Amino acid sequence: MRVQQSVPVLPSFGRAFHAACVFVIGTLATTTLAAPPHWYGPLTSGGEPRVPRANTLPDYYEAEDGGILVDGMYFPDRATYVASDAFLQGGRRCGYVTPDPVLDPAATLRSQSDCSFTQTVIRPEYATENGPVYRIPVVVHVLQRTNGIGFLSEAQVRSQIDILNEDFRALPGTNGSLGADVGIEFFLATEDPDGNPTTGITYTTNNTFYNDGGSYWNSLSWDPERYMNIYTNSASGNLGYVPIVTPGSSSDRVVVLWESFGRNAPFAPYDLGRTGTHEVGHYLGLDHTFGGGCGGSDCYRSGDLLCDTNAQESPTFGCPSNPTSCASSDPKDNYMDYSFDACMTRFTPEQANRMRCTLMFYRPDLAVVVPTACSPADLTTTGNAEGEPDGVVDLSDFSYYLSIWSSSDTAADVTTTGTASGIPDGTVDLSDFSFYLSLWSAGCP
Ligand SMILES: [Zn+2]
């Protein structure tokens, strides 16, 4: 039911900033031996500001026989590469780059909200328990070589979606049960951008795309304002990355190494799908727990911009028992650290708060709102924006929504008929409310 994507609970926010991708994909072959860049800023307990490493992906090429050339260094296979300093000290576990709020134009891409690149403001309206469950439609683009390397079965792709839901909802009985419930779910898209049925998975055979070159998103992406586009390939020698680009632009994407994608993936110990969880965390506005090191006196404006993740001087590798830095235990069990997959077990409540804020402000047309019970429909007694429920769904609730939708969101016009057909006619009228009423009241006694 595609129309569900048009159900907002907050007004849309315009995107005031537009800029080109800050990453430059390196040439596929290289003859120079480059020094590995820093993978986190100058890290002193005195609290330096957030300073990122260089905004570049490595020069990377994976040959047909599995040999890897990265930044001028050759490795016979991925296991050797991942055990090397080029991977570990070179920061290739994840290619996400913390934007520099002063020097980096990318930082302005998300500069005006409670979850910008320079600050977090924790507010009750972003808390999981105070809002709906959001469901994000996903398309997974599998980029494979002509020799078949990179192929993922539909079942393997689906297992990654399952893991995202286990981790973001902290589902009982799963590997993600220990974390905070983010209240965000994921599903493989059932309709493509043209409205046709789909598995939510595309397959493309192209050796350049497999090597993460060729700007594949220009030809393959599905409207990034409406779908989270995940690509699996060699990920430029990382386990994954998310570029800092304008949300909703064609290059807006999540990239994950195909061998670490899904449950029981072939590349242990990064085989439990936590690379996907980690990268989607970036996609929803999270930094590394070690981003900015120990940070400064205000944990909402330094470090990873959150206070309930302990400050951390450097990434955790492996699964040490009790690493400490910055006068506290390192959050090695957090999905946004670099631990082995089996040792990552949680998001924190403030990470959930920031991700939901990011979704509302920077990806307002992405998620579907789940109509879970009667109460979410009952927002206000007065028709104003106070949002206090009174236990009754009545016209004041609709007035509230009308004022929001008609002011800023053309998607408010959902249907001409009041049914679930979801064909807009350009006018917000009672039929739209009928549609929403039927949606919200579903399941109510
Ligand atoms: Zn990362």
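**Strand 9 and its neighbours**

I started with strand 8 (residues 240-241), which two bridges join to strand 9, the pair running antiparallel. I'm working from a predicted model here. For a specific pair, I looked up Gly240 and found that its bridge partner in strand 9 is Val256.

Next I checked strand 7 (residues 228-233). Four bridges join strand 7 to strand 9, and this pair runs parallel. Ile230 has Val254 as its bridge partner in strand 9.

Then I asked myself: are the faces of strand 9 (residues 254-257) covered or open? Both are covered. Val254 and Val256 are buried on one side, and Val255 and Leu257 are buried on the other.

**Val142**

I moved on to Val142, which sits in strand 4 (residues 134-144). Why does Val142 count as buried? I found 23 other C-beta atoms within 10 Å of its own, and the cut-off is 20 or more, so Val142 is buried.

I also listed what Val142 touches, leaving out residues up to four places away in sequence. The list is Gly150, Phe151, Leu152, Ile201, Thr202, Tyr203 and Thr232.

**Whole protein**

I get nine helices and 12 strands. The protein has 445 residues, and 46% of them count as buried. Among contacts with a separation of 6 or more, 61% are between residues 24 or more positions apart.

Notes
Residues are numbered from 1 along each chain as its sequence is written. This is a predicted model: local features need pLDDT of at least 70, side-chain atom pairs count only at pLDDT 80 or more; totals for chains, interfaces and linings use all residues. A residue is buried if 20 or more other C-beta atoms lie within 10 Å of its own, exposed if 12 or fewer, and partly exposed in between; C-beta atoms are placed from the backbone. Two strands pair if DSSP finds at least two bridges between them. Two residues are in contact if their C-beta atoms, placed from the backbone, lie within 7 Å.
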